[in-house]
There are 4 protein chains.
Amino acid sequence: MSDHKLSASITPKRSMEMLSQREVLLLKKTGEGSLYEIFRSCSLAILNVGSECDDAKILLAQYEDFDIEIKQEDRGLKLQLTNAPSSAFVDGQMIASTREMLFSCLRDLVFTQAKLQMNPLPLEQSDDITNYVFHLLRNANALKAGRLPNIVVCWGGHSIVREEYEYTKAVGHELGLRGLNICTGCGPGVMKGPMKGATISHAKQRIYNARYIGLTEPGIIAAEAPNPIVNELVIMPDIEKRLEAFVRLGHGILIFPGGAGTAEELLYILGILLHPDNKDIPYPLILTGPASSEKYFQQLHEFINTTLGFEAQQHYKIIIDNPEQVSKEMKVGMQAVEDYRKINSDAFHYNWAIKIDHDFQVPFEPTHENMASLRLYKDMPTHKLAANLRRAFSGIVAGNVKAQGVNAIEKHGPFEISGEPSIMKPLDKLLGAFVKQGRMKLPGTKYTPCYIVKTDTAS
Amino acid sequence: MSDHKLSASITPKRSMEMLSQREVLLLKKTGEGSLYEIFRSCSLAILNVGSECDDAKILLAQYEDFDIEIKQEDRGLKLQLTNAPSSAFVDGQMIASTREMLFSCLRDLVFTQAKLQMNPLPLEQSDDITNYVFHLLRNANALKAGRLPNIVVCWGGHSIVREEYEYTKAVGHELGLRGLNICTGCGPGVMKGPMKGATISHAKQRIYNARYIGLTEPGIIAAEAPNPIVNELVIMPDIEKRLEAFVRLGHGILIFPGGAGTAEELLYILGILLHPDNKDIPYPLILTGPASSEKYFQQLHEFINTTLGFEAQQHYKIIIDNPEQVSKEMKVGMQAVEDYRKINSDAFHYNWAIKIDHDFQVPFEPTHENMASLRLYKDMPTHKLAANLRRAFSGIVAGNVKAQGVNAIEKHGPFEISGEPSIMKPLDKLLGAFVKQGRMKLPGTKYTPCYIVKTDTAS
Amino acid sequence: MSDHKLSASITPKRSMEMLSQREVLLLKKTGEGSLYEIFRSCSLAILNVGSECDDAKILLAQYEDFDIEIKQEDRGLKLQLTNAPSSAFVDGQMIASTREMLFSCLRDLVFTQAKLQMNPLPLEQSDDITNYVFHLLRNANALKAGRLPNIVVCWGGHSIVREEYEYTKAVGHELGLRGLNICTGCGPGVMKGPMKGATISHAKQRIYNARYIGLTEPGIIAAEAPNPIVNELVIMPDIEKRLEAFVRLGHGILIFPGGAGTAEELLYILGILLHPDNKDIPYPLILTGPASSEKYFQQLHEFINTTLGFEAQQHYKIIIDNPEQVSKEMKVGMQAVEDYRKINSDAFHYNWAIKIDHDFQVPFEPTHENMASLRLYKDMPTHKLAANLRRAFSGIVAGNVKAQGVNAIEKHGPFEISGEPSIMKPLDKLLGAFVKQGRMKLPGTKYTPCYIVKTDTAS
Amino acid sequence: MSDHKLSASITPKRSMEMLSQREVLLLKKTGEGSLYEIFRSCSLAILNVGSECDDAKILLAQYEDFDIEIKQEDRGLKLQLTNAPSSAFVDGQMIASTREMLFSCLRDLVFTQAKLQMNPLPLEQSDDITNYVFHLLRNANALKAGRLPNIVVCWGGHSIVREEYEYTKAVGHELGLRGLNICTGCGPGVMKGPMKGATISHAKQRIYNARYIGLTEPGIIAAEAPNPIVNELVIMPDIEKRLEAFVRLGHGILIFPGGAGTAEELLYILGILLHPDNKDIPYPLILTGPASSEKYFQQLHEFINTTLGFEAQQHYKIIIDNPEQVSKEMKVGMQAVEDYRKINSDAFHYNWAIKIDHDFQVPFEPTHENMASLRLYKDMPTHKLAANLRRAFSGIVAGNVKAQGVNAIEKHGPFEISGEPSIMKPLDKLLGAFVKQGRMKLPGTKYTPCYIVKTDTAS
């Protein structure tokens, strides 16, 4: 065992996790429907605290002798770890948050898998999926009935420059001063900064039950290892359910600077807010960053204008370099959400009312074929076009950082995306700007695009 | 609305219960797989606090205009009650424990039903049932990992004389002084006395998280309305799963005086302990009562001897009129349970190790045909004979107090039970003694036997 | 060491009690201003749980080899007990409430003594005493800011018949159902019953921070050993400060049947309520008991009429055999108290506004001389006459049960009390009735009056 | 009212603070022994959150119309603020920590004053002072019995450069990862950084009861306004009692870079540790800073060597630029403290055993006369020389930042300090280095020395 690896026996600090014998079987290395491999790789990502590596393949290779096993003991479950990353430990003791996250991971994987095994005909209707996301969040104890709307979802890049990072901390500090909670994708960068800032201001406000919710999924967790401030980790089964969870669990969304993933998220939420059924539902959406990010947001704003139009721009507000104003506007937005739900008897803890089109719910497989056949034309309803643009960005994110996507690119070359010129040109320009600004990869690495934008002149 | 009825809107005090839209649909008055009727009748039983009526039919008739409806509100669920029994209220406010129980009932019915709907091929294997009982108890938050064995199951009559009731309080007081928790069938009589005694001694010992667990099932809850000290109510789907829950959740069993139901319980646990697989598993079992009950226990002891034999007698101890000794022996027994589970890495919170034969797990339908065809012969393995004797008593309990059984008796006359004379004669004698001692019905009512014991001379 | 005595080392369960080296010195057996003797005798009374003995002298004689010593350890204080009553232990472990009370006793004695040592010129002004009582209660953590008025003081005999005891439990049960807390003199009988009843109903109402306050003083604690339900024991320095604490800490008073001590308490509160300054201050005062006690209350009512007059009768209400009505009226009274204090910005946690005359605050030494020189004439202001009648009863209580008083009677014969005939005759009649009804001593013992009532014909 | 001032009514969040009428009188603007002025100025310092101003005079002048008044209400005390600094508020609501601190301030001032009024002959013996400090800390609830040694006192400058500040955060983060708590002088700079770092790591370790103790005194609070992470503020009556509180409450001391005040603190603790009575008492003492501070510590180390000698150097360890090692060594030191106290039955919560010479306990008045007459010669016992050197630095601190000292300097010119050359030369050199490094005043301001070092050639 090298000196950066440790073996240890881990018990949950709080005695919450209990599995039946049947569920324990699901986690054995061998056996039908085994969760072992996915549990092992998620655990490894969780244990990889504070590492700068966002490449799942490298991580898995470095710790190929890592093993994790579940043991039943008199007082409950125990995890037996072998050759785990030593960064998860302080003086030989596992950091408490990391320990908690391992058990959260176990809880979510078992729930998802057990559900699927018992219910072999899966989730076809839109309602089925929405109920399923609810059940998963409830099982993860992420739905807290009775609390007023106060969850701010923060989206943006996991790899940002220092100035942007400091800005996210400042915004988090202002949000925390106003008693707001933070929900992110649970990795580093924009996913960590607001939590760090809010930790300090929650301490100042003597808020002891503050929530730092991290929503992730098995495909992304290795690239965006949960930061240890997260005190509620939920692993959703795939990227679409994760996005739906953000939208229904959160009460407002902040978008910080990022790259393709951030554009995907913006297109996703705009596609939803543009749905005719949602036109009366208040949903605070703010794009913000430090002075240096002004140009970035201008580019995005212009891209939205060119592709989805003026109406889409009315659904968000851009605020540059003003954490206090961001926080005040978000607080005002929360009040609007509260009023609306009270009047409509809609639950504070889960946004049942908002319509998420089936297009946004079904997983998009980022294959070369699917990417090539995306329709990107202005004759579609705006929210449908937003859906397809979202998929295009989703595929690019996969090609950049997800194991499956990276492999596909290595094998078949870059994805081809095509559509009408009035969409493809702005798209190409935006992507080019992202590459130039170093927003596609970790700083210091050279980026080779995983896509080719083509203009479909025939249409 | 008469003056003994009240209408009210009820919210859960602690914000634990959240239902998905799908689950709320299950509780609508109309619709597929609706739980409405069962929820209504269980709720009525829960609201019938402190009533002396143990006849479900009378209760339902008295409150035929009672209605209960679920409403989704911003902060969670609300129950809308119309024409509810006023005994559940103090100055117009519902008693907190009653309120909690209504939501516990909701939780358990939804879990059971949702499970069944998703998993249409039910629970065939013994293991399936054991895992199912675990899942149900876990969902009810009744499994608390990490606590040492300290749950004492108290069985006995719901209708006992004053002296016996005072004795159960004294025993409960001694158990509570030693930090033990109480689990009963959650009704009055023996199901309430130990909880009342323990409430006082837990207060003296400054134990603030004491558990008063009530395990019931929809068929029995009306006859044994939960007493309001119960702070964990769990509604199991049927009598067999309820019995399995007692055995796997509890760490020791006390049997107080009772009637046919108590005999059923004693035969059930003896049948399990007599199973060859269980011979090394410690399970403290004590039969106890005041001086006046000595004869009652002698009769039972003799009946066990004649039918199941000397070995069966070794599994329990009879202690007359000595609450302190009962409590001390139970405490010693808990230590043996703790030691055994530590050595065998068996969970403290759920007795996975004990073998419960499939015979004891499948519901016994108390029809005239099933009762008539029970085999009661000494050539069977002892634990199989115990199983059938248990069923005989189970049928008699149904014929005495359960709606279905009472209806069958009204329609077809008494059940016939038959077997070899060396079993049937002691059985007849024991039942006769119960009738004579008034242990078949509430005091003050005349009892008409719902059974005929026949001797099968042919065998 | 006999088998009813145990030795043990006791640490506080909650780490609240810390003493400075100077304070520890106060408790050494030798040394200036030592508290050792008083701490030893109070501790012995506390340890004497559940004993039927109410005679301090017998208790002290029985445990003359009892010793208690304070030790400083790394984690705080420890008490070293030698030859303590075994009734305070369950299986060798001290009952948690008893353990707590020993540390409460330590806290109060040290506070009182340290205060007196530092402030050698004591409490001369009425305001001084009132502030001192406040400081003592605050130091005992008995003042809880922010809670609404809900403390019901229950007065009455420590030695009552079964039926009366059961009645006090029923009243306590009803009070607890309405969320009210109980404050008594902390001994058995009336001081225990309401707490026991409320313990059950507080459990039903899921009230986990219920208060069972016991106010005692060193001279009475041996005769009225704290019952173990008390979860806040406060030892006031003398009888008058204890009475003031009842009145200022409590929000309403219930008087159950009792003997001379109960009459003393009624006269005390009437004397205060009759003070002209207090005429607008709401103070619910209810006299109640089972049907059998009706005559007792008629006698008291008549005595009040004859001596203090009709106006005094307006300050209380007598309710016979109706626990629910008692509780409802007390609840209504609490609301009046709340309203009054809100309007007048008077603290909920301490009744600063009520005037307690200096006469009621200074200790009355029950010597033969003081008893003989009491003025009992109708030409006095009513509240002054009430004060002197109170003293007469106080002396009789001392002569009955307090060490000092009993010794004085043994030495000099009965006290002589004299006054004008229109007071002395009713007094003699009332005392005679108490003797006849066995309200002067524990049942089963013969009572020899410690007083002679004389009529002062000269006046 | 200008826009940077707010008026508000403040109630304590937790209902802890209750005052008697007598105590409320102490805080009235007029009246004997009034605390009003001192309460007003301390409150102003507390409200001055986040301000960069460390000059009490400027602060008082800026808010000369600020007023604070105590009101008694039904639920307890209320503070009425007029024209308070708006920096203490977020959207019109006072920051919770600031609110808490105002009530802590009230508590401590009342305790101190009430004590002094009742005990007019004050604290002459060394033991008296030690017991008094204990009583004050106990009253502030700062003594928590039962917890293992884990309080790290952090000393150093309130005005340090960015790199040093970041370093203190990194050290705090490592201390928090190991479960250690932080105690500082509660101002900015070194007093804030470790708390900020530990807040993040305590969150990671799920430590919810972490302690951020700030010990201050009325004369320094304006210059070192409490940072809002402090969750236990204690105001000691003077600088010497504050220093004693640090030593007896803390279990180890870290010294970061600072100026004259830091040198004073180092001399204080060395003077104590050099006392012959203390030679066996473990007391971890570490001097640490980033790489850039290496020279600073070399200068101090050399100064100690030249003046107090090699033995004094053995009492501390210097660690440069290694937060993890600092934290590990401190953790090891804590274990030694724990072991020592267990063996000697010394309380974990208060270091009774360590001898603090009377010289270190009595307030040193920094008058020109006292400064001039300090004896600084090597023929004194080392701990006595340390005491006088400490006083010299104390006077310089007063001349730099305390109102009284600054006034004296303005009036009479700089203090003169004299002694034998082998002490005065190193002293002059060290002070010169501090001036040169800008450690005497806030960065950006020009420093005029408040002292003249003279060599006493006669001696």
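Residues are numbered from 1 along each chain as its sequence is written, and chains are lettered from A in the order in which they are written. In this predicted model, local features need pLDDT of at least 70 and side-chain atom pairs count only at pLDDT 80 or more, while totals for chains, interfaces and linings use all residues.

**View 1**

**View 2. The contact between chains A and B.** Chain A and chain B each give 28 residues to the contact (residues are in contact if their C-beta atoms, placed from the backbone, lie within 7 Å). On the side of chain A that touches chain B, the elements giving two or more residues are α1 (21–26), β2 (67–73), α5 (126–139) and α12 (323–344) (helices are DSSP runs of H or I with at least four residues, strands runs of E with at least two, numbered from the N terminus). The largest share of this side, four residues, comes from α5(A). By type, the residues of this side are eight nonpolar, eleven polar and nine charged (Ala, Val, Leu, Ile, Met, Phe, Trp, Tyr, Cys and Pro count as nonpolar, Asp, Glu, Lys and Arg as charged, and the others, Gly among them, as polar).

**View 3. Helix α10 of chain D.** The 14 residues of α10(D), 294–307, reach 20 Å from first C-alpha to last, close to the 20 Å expected at 1.5 Å a residue (the expected span is 1.5 Å times one less than the number of residues). Its buried residues are Tyr296(D), Leu300(D), Phe303(D), Ile304(D) and Thr307(D) (buried: 20 or more other C-beta atoms within 10 Å of the residue's own; exposed: 12 or fewer; partly exposed: in between; C-beta atoms are placed from the backbone). They cover an arc of only 100 degrees around the axis, which puts them on the same side of α10(D) (the arc is that of the directions from the helix axis to the C-beta atoms). Lys295(D) and Gln298(D), on the other side, are exposed. The cover over the buried residues includes α9 (260–273) and β11 (285–289) of chain D. Gly309(D), with a positive phi near 95 degrees, follows α10(D).

**View 4. Strands β13 and β14 of chain C.** Four of the five residues of β13(C), 415–419, are buried. This strand pairs with β14(C), residues 451–455, in the parallel sense over five bridges (two strands pair if DSSP finds at least two bridges between them). Glu416(C) has Ile452(C) of β14(C) as its bridge partner.

Key. Two residues are in contact if their C-beta atoms, placed from the backbone, lie within 7 Å.
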